[in-house]
Amino acid sequence: MSTNKLVYIHTICFNITAIRSVRKLRLQYIRAILRQEMAYFDTYTPGSVATRISNNANLIQTGMSEKVGTCCQGVAMLISAFVVAFTQSWRLTLPVATSIPTAVTLVGITVALDAKLEAKILDIYSKAGGLVEETLGSIRVVVAFGAGDRLSKKYDNHLEAAKGFGVKKGPVLGIQYSSEFFIMYCAYALAFWYGIKLLLQGKIGSGGDILTYATPYMFASYTVLILNDVLGSCSLL
């Protein structure tokens, strides 16, 4: 069986599992909402309750479908890459591998900051969605009392607040991706520089071996970038 068929099968299986799980989650959420006291609904607008389950369910379905398969694939690729690299030349792999903890630490910090900002944005969007639903549901009363402009300004304020948090995400993502690629290319440079040094000392057979030993680390660096995207999506759950 070819690799493409296996990828297709595992993607379909994860997607079906995610759809079924999210369907059960929505039903349990509705049952839990219906069991709440009336005072609970006084603290939330009707639209915000529906918006929250819609947004969160979509995030959960995305995280449980292709993200899980991609994460498993990335972890397997990362482990395989280092097993091959260490078995072929541990002298070259060990110094280069020190860049991986640095990249992982950086990704963890920036993903945590990005998740906090994204959670605030989703909370504002849920409030804005609730405001719109209430306004449209009682549009006759709104028009009768001339409250359209005031509600429109309130909605714009919600969007401006979300825009402010979105602007704050820019530097976080800029630091995240620029630092990742900087560490990755510095590791490439270290691999070839130290590989040439080992070649001159006679500890590596030929120049082609340097590329052979450095290739698994290239796959490992690419895997770190994949896992970064997976963590960024799953951290919102």
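Thr-110 counts as buried because its relative accessibility is 5%; buried means under 20% relative accessible area, exposed over 50%, and partly exposed in between, with a 1.4 Å probe and protein chains only. The model is predicted: local features need pLDDT of at least 70, side-chain atom pairs count only at pLDDT 80 or more, and totals for chains, interfaces and linings use all residues. Residues are numbered from 1 along each chain as its sequence is written, and side-chain values use heavy atoms, without hydrogens or water.

Thr-110 sits in helix H6, residues 99-137. Helices are DSSP runs of H or I with at least four residues, numbered from the N terminus. A polar atom of the Thr-110 side chain lies 2.9 Å from the backbone oxygen of Leu-106. The Thr-110 side chain also makes a polar contact with the side chain of Gln-176, at 3.5 Å. Such a contact is a pair of N or O atoms within 3.5 Å; within protein, one must be able to donate a hydrogen and the other to accept it, and residues adjacent in sequence count only if both atoms are side-chain atoms. Neighbours within four places in sequence aside, Thr-110 is in contact (heavy atoms within 4.5 Å) with Val-172 and Gln-176.

Now to a helix pair. H5 (residues 90-97) packs on H8 (residues 148-200) at an angle of about 150°, with the axes 9 Å apart. Therefore H5 is roughly antiparallel to H8, a term for angles over 145 degrees. Axes are lines fitted to C-alpha atoms over the stretch in contact, and angles run from 0 to 180 degrees between N-to-C directions. From H5, Arg-91, Leu-92, Pro-95 and Val-96 meet H8 residues including Ala-187, Leu-190 and Tyr-194.

Terms used: Helices (H or I, at least four residues) and strands (E, at least two) are DSSP runs, numbered from the N terminus. Angles under 35 degrees count as roughly parallel, over 145 as roughly antiparallel, 65 to 115 as roughly perpendicular and the rest as oblique.
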